[in-house]
Amino acid sequence: MAKRTGMEVSIAVSEAVKMAKADVIAAYPITPQTHIVEHLAELVAQGELDAEYIPVESEHSAMSACLGSSAVGARTFTATAGQGLELMHEVVYVASSMRLPIVMAVANRALSAPLSVWGDHSDVMAVRDVGWIQIFVENGQEAVDNTLCAFRIAEDRRVLLPVMVHLDGFHLSHMVEPLLFPDQKEVDEFLPPNNYPYPLNPNKPVTMGDFAPPVVYTEAKWAQEINVEKSKDTILDVWKQFGDKFGRYYKPVETYRAEDCDTLLMTMGSFSETAMMAIDKMREAGKKIGLFRIRLWRPFPYEEVRQTAKNAQTLIVLDRAISLGGVGGPVASEMRNALYPLAQRPKVVGFVGGLGGRDISPADFETIVNRGIEIAKKGSDREFEIFGVREE
Amino acid sequence: MTKPEDKLTWKDIEVGAIATEPGSASQNRTGDWRSRRPTYDQTKCNKCGLCQTYCPEGCILKNEDGFYEADLYYCKGCGICAKECPKKVITMVEEKE
């Protein structure tokens, strides 16, 4: 039977990695992710996890070491945040292009300058196009469950792709929450040992990360795109199997009180639970409003997004990252893109807020919704709004 | 690789675009990158082999008479051998075709 335990979410992610029996952890500490790799270092040092722990000198080296260990078929984990994810950027592309099933927790953080160690989604949006599967979690339980699912998805022969599990820095990574931990036996049944089909082996040599002239590069990229798109079937399958075994089911998009609503509020990550409080209050006041969250960020769940949003009149998106001099909120932009081909579609109003660790309260969400509805009716001379900025 | 490169479809690409045939890069004709080719005045050559040591392609081999010559299938015409040769055996000349 699963045990209910109070635990900091970062520590819980490490415990999930331990239950997944990772073979190699190569990581560099960076706020707000540090507790994850720190606790894993302790688990390895204390002999509780039989893994190689590689304390590298930078994130670029962390991901490079992960390439090597994953390529020999070792179950490989790392974690990073913010500037760390930026520093490993070029190797992040290599991991997905070489189809190496690495799992990485990202405790989402703002990017310099000015220096901020606090949370937002700037780091995620900078790795939007790298070809990794990307899952956003809202609470500690989802972080634990999806860390386990991530290994299973990544290593599935139909997939063979690296997976990022995004948890909001501080707002989630440093919370102490009540969590259900499955038995080791159940985890072992759900997650068989890694069996990477093309491990580096001197008796059967292959070249990885080979040179591709113009005559084959396009074919290589298209093969990768088809693979990422098709991985969704396996993700759904793994979530279904996880749900059947552990009783907690996950979907690419989630809604809350979205039945018969005129207005949808969209968030990603831990702010969703705060937004629910605002939704409850507005529902009680008779507003036809619901919440819409994206859990599966890549591959982008077009079908589910369209199905969920098509009947609303207004879709208000809160982005926790700013695409400067361009679209403003990256999520709002993707929603516009996804919904544009539909004959009937909501007006999409984009807000950027919660940057660099700034809280958004339930009352703030009400303000955002009211302003969003007003913009949908009257229009605005701006492409997007910023929430909470002091003007004077 | 069963098909020539320009006939490969995206479905033929191995997982992760790995190369499964060891040494398959030796099939690549890099000699057609060349704009200048090495020519030899072997009457000056003392067979020291420095040209072979310096060749970044590893394409300089000994011939039957013990003299060193570049394999023009691979030689990119960089001219390092000509620069390094202490006896000035090698002269780089423009490729005409």
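Student: What radius of gyration does chain A have, and what would a compact globule with 392 residues have?

Tutor: This is a predicted model, where local features need pLDDT of at least 70, side-chain atom pairs count only at pLDDT 80 or more, and totals for chains, interfaces and linings use all residues. Residues are numbered from 1 along each chain as its sequence is written, and chains are lettered from A and ligands numbered from 1 in the order in which they are written. The radius of gyration is taken over C-alpha atoms, and the globule rule is 2.2 Å times the number of residues to the power 0.38. For 392 residues that rule lands near 21 Å, and chain A agrees, with 21 Å.

Student: How much of chain A is buried?

Tutor: A residue counts as buried if 20 or more other C-beta atoms, placed from the backbone, lie within 10 Å of its own. Out of the 392 residues in chain A, the buried share is 49%.

Student: How many helices and strands does chain A have?

Tutor: Both are DSSP runs numbered from the N terminus: helices are H or I with at least four residues, strands are E with at least two. Going by that, chain A has 13 helices and 15 strands.

Student: Which strands sit at the edges of the open sheet of seven strands?

Tutor: Two strands pair if DSSP finds at least two bridges between them. The order in chain A is E3-E2-E4-E5-E7-E6-E12, with mixed pairing. An edge strand pairs on one side only, and here those are E3 (52–55) and E12 (296–298) of chain A.

Student: What stands opposite A:Val24?

Tutor: Look at E2 (residues 24–27) and E4 (residues 76–80) of chain A, which run parallel and are joined by two bridges. The residue in E4(A) opposite A:Val24 is A:Thr76.

Student: At what angle do H10 and H13 of chain A pack?

Tutor: Find H10 (residues 271–284) and H13 (residues 362–378) in chain A, with axes 8 Å apart. Axes are lines fitted to C-alpha atoms over the stretch in contact, and angles run from 0 to 180 degrees between N-to-C directions. For this pair the angle is about 65°.

Student: Which helix of chain A gives the most to the side that touches chain B?

Tutor: Contact means that C-beta atoms, placed from the backbone, lie within 7 Å. By that rule, 17 residues of chain A are in contact with 13 residues of chain B. The top contributor on the chain A side, with six residues, is helix H9 (residues 214–246).

How values were computed
Two residues are in contact if their C-beta atoms, placed from the backbone, lie within 7 Å. A residue is buried if 20 or more other C-beta atoms lie within 10 Å of its own, exposed if 12 or fewer, and partly exposed in between; C-beta atoms are placed from the backbone.
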